[in-house]
Amino acid sequence: MILKVEPLEVGKTVPAPLDIYRCSVVAEWVDYNNHMTEAAYLTAFGWASDVLFQYIGINDDYRARGNSYYTVETHIIYEREADLDDKLRITTQVLDFDAKRLHFNHEMFNLATNVRLATCEQMLVHVDSKAAKSAPIPDSVAVALKAIKQSHSKMKIPPEIGRTMKIKHKN
């Protein structure tokens, strides 16, 4: 379920992290191991990204004008299982942005226990979808992202950010 949130108002205090998305684990998300599937984690994180987009002023009109963000890289770390009907809370920390890119991290928590279940680091590129190429972020979105980044710059960078995946062999 995608929640509707109001866009950030200029001059308004920005929470650090953003805590604007909740959902529940539904039956379609549960697998043969009796917990949430890996694909469902990405679905929930994707919906949290959509709420972030609403918060920075990206809506249907924005996309109709040919502007959007496309995900270019995702790194999910699965830490704990989520079960059917668990209530989830996903927070978002904007790590950085520039004229065309947006880098952020989501953290998923069990709402009842506040135990962290997973993280999702993402890099997105802003695009002109009509031209099918990257394009600068409009000023209205840049202003919102600047306010969020300023607030979030006071937060510690999670240690898993930028982590690479590899097998470390002992010599």
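Helices (H or I, at least four residues) and strands (E, at least two) are taken here as DSSP runs, numbered from the N terminus. With that in hand, let us walk along the chain. The model is predicted, so local features need pLDDT of at least 70 and side-chain atom pairs count only at pLDDT 80 or more, while totals for chains, interfaces and linings use all residues. Residues are numbered from 1 along each chain as its sequence is written, and side-chain values use heavy atoms, leaving out hydrogens and water.

Start in the segment before β1 (18-24), where Pro17 sits. The peptide bond leading from Ala16 into Pro17 is cis, its omega being near 0°.

Next, move on to the loop between β4 (101-110) and β5, which holds Asn114. This residue is not a glycine, yet the phi of Asn114 is positive, near 60°. With a relative accessible area of 45%, Asn114 is partly exposed; that class lies between buried, under 20% relative accessible area, and exposed, over 50%, using a 1.4 Å probe and protein chains only.

Strand β5 itself covers residues 116-128 and includes Thr119. Thr119 counts as buried because its relative accessibility is 2%. What does Thr119 contact, leaving aside its neighbours within four places in sequence? Its partners are Phe45, His75, Ile76, Ile77, Glu79, Asn105, His106, Glu107 and Glu160, where contact means heavy atoms within 4.5 Å.

Finally, Ala132 is in the loop between β5 and β6 (133-134). Ala132, another residue other than glycine, has a positive phi near 60°. Ala132 counts as exposed because its relative accessibility is 70%.
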